[in-house]
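Here is a short briefing to read with the model open beside you. Take the topics in any order you like.

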Amino acid sequence: YLTQALGRLGATPFRIGFVEGSDYHTEQDVGFLVRRGTDITRIARYEQSRAMFESDQFHNVAKHCEIVVDVPVGDGVETVTILTVHFRAREEAVEPRTRQARLIHAWLRDRIAAGENIIVLGDTNSEATDLPAPEGSDLAALSGRDTPGDADDLVDLHRFLEPPDRRTHLLEGKQYDRILVSPSLIEDAAGLEDLVFESIAVRRDLAVRQGIDSPETHWDKYWETAPADRDTSDHWPVVARFSVK
């Protein structure tokens, strides 16, 4: 339905990247819209191994999806793996949320350490706001900062935002929505054309129509609010741009 609506507005045609998750309580899922013409080589989701489950170090992530795309660069391509997540919400869920973050990183750590282009993004629901993320926090687990060494660490692009611009939710001070990338997407390879991070922005203008909705208005009285005043989401889009250099 979303791609059809975008088509009626004259937007660039998109393909859907999606694998149904296992959140049967909220029936929420995550997925991708990909410009038509992009080479998609894999769409997948994962489950814990028996050893992971028995270790009690991880927690299932009901809402996640991975897509692998080839991006034209010069005479060749760069392969980019993007994994989108939606973690457990609320402050009291920090323990299972941290184990969810640890699981996502465990699936990716070898590829990060090997220098592959990896992006992890989505609604982390993390209450952490300090950068770098505090030791033992969910975001520290997601970025790999709680594993030995730094070869498998991800870079939280929120570090490139000024503190007043880091809020991503109608609740004051909340920075739930994050984009983390492997160092290969930050560092420009000398003498080679490659894909490099350029900028990040929190685009509240794409969600907030007049003033920022109050929680009461947005969640309890949304349909009583004039259409021109309704914010389109309680989350604000976070947009990262990459360029070929």
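**Salt bridges**

Let's start with arginine 45, which is buried, with a relative accessible area of 18%. Its side chain meets that of glutamate 47 in a salt bridge, 2.8 Å from N to O. Glutamate 47, by contrast, counts as exposed at 52% relative accessibility. Please keep in mind that this is a predicted model.

- The structure holds 14 salt bridges, and a few of them are worth a visit.
- Arginine 111 and glutamate 66 meet through their side chains in a salt bridge of 3.2 Å, N to O. Arginine 111 belongs to helix 3 (residues 94–113) and glutamate 66 to strand 4 (residues 63–73), so this pair ties together parts that are 45 residues apart in sequence.
- Arginine 111 is buried, at 17% relative accessible area, and glutamate 66 counts as buried too, at 0%.
- In the salt bridge between glutamate 127 and lysine 174, the closest N and O atoms are 2.5 Å apart. Glutamate 127 sits in the loop between strand 6 (117–123) and helix 4, while lysine 174 sits in the loop between strand 7 and strand 8 (177–181), so the pair ties together parts that are 47 residues apart in sequence.
- Glutamate 127 is partly exposed, with a relative accessible area of 25%, whereas lysine 174 is buried, at 19%.

- About 240 Å³ of space lies in the second largest pocket.
- Its lining has 14 residues, and Pro132, Arg145, Leu154, Val155 and Asp156 are the ones nearest the centre.
- Helix 4 (138–143) and strand 7 (155–156) each contribute at least two residues to the lining of this pocket.

**Backbone points to check**

- Most residues other than glycine have a negative phi, and most peptide bonds are trans.
- The peptide bond from leucine 131 to proline 132 is cis, with omega near -5 degrees. Proline 132 lies in the loop between strand 6 and helix 4, and it is also among the residues nearest the centre of the second largest pocket.
- Aspartate 56, which is not a glycine, has a positive phi near 60 degrees. You will find aspartate 56 in the loop between helix 2 and strand 4, where it is exposed, with a relative accessible area of 53%.
- Arginine 90 also has a positive phi, about 85 degrees, although it is not a glycine. Arginine 90 is in the loop between strand 5 (76–86) and helix 3 and is exposed, at 60% relative accessible area.

**On the surface**

- Leu2, Ile16, Phe18 and Leu33 form a nonpolar patch on the surface, and together they have about 400 Å² of accessible area.
- Arginine 50 is part of helix 2 (residues 50–55) and is exposed, with a relative accessible area of 66%.
- The C-alpha atoms of arginine 50 and glycine 21 are separated by 19 Å, and the two residues are 29 residues apart along the chain.

Note on methods:
Residues are numbered from 1 along each chain as its sequence is written. This is a predicted model: local features need pLDDT of at least 70, side-chain atom pairs count only at pLDDT 80 or more; totals for chains, interfaces and linings use all residues. Side-chain values use heavy atoms; hydrogens and water are left out. On a 1 Å grid over the protein atoms alone, a cavity is a set of points where a 1.4 Å probe fits but cannot get out, and a pocket is an open set with protein on both sides within 12 Å along at least five of seven lines; lining residues have an atom within 4 Å of a point. Grid points are joined across faces, edges and corners, and a volume is the space filled by probe spheres set on the points. Helices (H or I, at least four residues) and strands (E, at least two) are DSSP runs, numbered from the N terminus. Patches are made of residues with over 30% relative accessible area and no salt bridge: like charges are joined within 9 Å, nonpolar side chains (Val, Leu, Ile, Met, Phe, Trp, Tyr) within 5 Å. Accessible areas come from the Shrake-Rupley method with a 1.4 Å probe; for residues, only the protein chains shown count as cover. A salt bridge is a side-chain nitrogen of Lys or Arg within 4 Å of a carboxyl oxygen of Asp or Glu. Buried means under 20% relative accessible area, exposed over 50%, partly exposed in between (1.4 Å probe, protein chains only).
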